[in-house]
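Reader: I've got a chain on my screen and a few things I'd like to ask about it. Could you walk me through it?

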Amino acid sequence: MTCTRSRIPRSYRTSAGTCRSRRDLGLLALRLGTGGVLAAHGAQKLLGWFGGGGVSGTATAMEAMGYAPAKASALAAGLGEAGGGALLALGLATPLGGAAAAGTMAGAAAVHAPNGFFAMEGGYEYPAFLGFVAAGLAVTGAGRYSLDHALGHVLDRHWMVPTALVGAAAATLAVVGSRTRRVRQAQPEE
């Protein structure tokens with residue numbers, strides 16, 4: 001994007017005539033905030049940090065929620081959150097990080113869906129929000145202030161966006177579908 005002297009204030013222009021983009025600063029803020037929150041949640045699951053249960057505690061919870069095998073589900077959820085969150089925060093392999101986080105949050109939303117929408121009632125509002133932001137970042141890209149930009153977008157090609165999102169969606173549908181069947185089978189018949 002080039003700046004015209006009459007429309008763009010000098011403070012937004014660089015010596016090369018290009019604009020400093022508020023969009024890039026906004027993407028940085030979204031990436032750091034969302035990625036940081038996701039990475040912290042993942043660290044709870046994987047490492048037991050921040051009051052989390054670690055892999056064994058998370059596996060017990062995953063089993064109670066209907067995810068099986070429990071330990072593999074705990075690892076997948078922790079890696080999706082911690083790994084996806086870290087990639088988003090760094091702006092590295094943004095399509096992969098965003099898709100991994102979005103898929104993981106879809107699995108979390110499925111658990112909370114029976115409680116309705118709002119988080120204050122145990123609903124899926126919060127994981128849905130994190131998932132949509134992660135997916136949006138996967139589509140939009142990390143912006144100029146990112147490792148993807150610094151590395152010439154070698155891990156952020158246009159074809160990677162649909163590939164990562166479709167792959168994450170397929171895996172999420174398979175896992176959530178399997179969980180839904182197990183939960184239904186475990187419910188007593190009325």
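Reader: Let's start with Phe 50: buried or exposed?
Author: Keep in mind that this is a predicted model. Phe 50 sits in the loop between α1 and α2. Anything over 50% relative accessible area is called exposed, and Phe 50 comes in at 59%. So Phe 50 counts as exposed.

Reader: What is the phi of Phe 50?
Author: Phe 50 is not a glycine, yet its phi is positive. The value is about 55°.

Reader: Which two residues does the cis peptide bond join?
Author: Look at the loop between α2 and α3, where Pro 69 has its place. The omega of the cis bond is about -10°. The residues it joins are Ala 68 and Pro 69.

Reader: Stepping back, how many helices and strands does the chain have?
Author: Reading from the N terminus on, the elements go α-α-α-α-α-α-α. The chain has 190 residues, of which 38% count as buried. The tally is seven helices and zero strands.

Reader: How many residues of α4 are buried?
Author: Helix α4 covers residues 94-112, which is 19 residues. From first C-alpha to last it reaches 27 Å, close to the 27 Å expected at 1.5 Å a residue. The helix is largely enclosed by the rest of the structure, because the buried residues in α4 come to 14 of the 19.

Reader: How far apart in space are Ala 100 and Leu 165?
Author: Ala 100 lies in helix α4. With a relative accessible area of 28%, Ala 100 is partly exposed. In sequence, Ala 100 and Leu 165 are 65 residues apart. In space, C-alpha to C-alpha, they are 8.1 Å apart.

Reader: Which element gives the largest share of the lining of the largest pocket?
Author: That pocket holds about 750 Å³ of space. It is lined by 35 residues, and the closest to its centre are Met 62, Ala 77, Thr 104, Gly 107 and Ala 108. Elements giving two or more residues to the lining are α1, α2, α3, α4, α5 and α7. The largest share, nine residues, comes from α4.

Reader: Now for charges. How many salt bridges does the structure hold?
Author: Side chains of opposite charge can pair when their charged atoms come close. Among the pairs here is Glu 81 with Lys 45, whose closest N and O atoms are 3.1 Å apart. The structure's total is three.

Reader: Where in the chain are Glu 81 and Lys 45, and how many residues apart?
Author: At 4% relative accessibility Glu 81 counts as buried, and at 17% Lys 45 counts as buried too. Glu 81 is in helix α3 and Lys 45 in helix α1. This pair links distant parts of the chain, 36 residues apart.

Reader: Last one: which residues form the nonpolar patch on the surface?
Author: Leu 155 is one of them, placed in the loop between α6 and α7. Its relative accessible area of 38% makes Leu 155 partly exposed. Together the patch residues have about 410 Å² of accessible area. They are Leu 90, Leu 147, Leu 151, Val 154 and Leu 155.

Conventions:
Residues numbered from 1 in each chain as written. Predicted model: local features only at pLDDT ≥ 70, side-chain atom pairs only at ≥ 80, totals over all residues. Heavy atoms only, no water. Patch = residues over 30% accessible without salt bridge, like charges linked within 9 Å, V, L, I, M, F, W, Y side chains within 5 Å. Areas by Shrake-Rupley, 256 points an atom, 1.4 Å probe, with all protein chains shown as cover. Salt bridge = Lys/Arg side-chain N within 4 Å of Asp/Glu carboxyl O. Helix = DSSP H or I, 4+ residues; strand = E, 2+ residues; numbered from the N terminus. Buried < 20%, exposed > 50% of the residue type's maximum accessible area, 1.4 Å probe, protein only. Expected span 1.5 Å × (residues − 1). 1 Å grid on protein atoms, 1.4 Å probe; cavity = no way out; pocket = protein on both sides within 12 Å on 5 of 7 lines; lining within 4 Å. Points joined across faces, edges and corners; volume = space filled by probe spheres on them.
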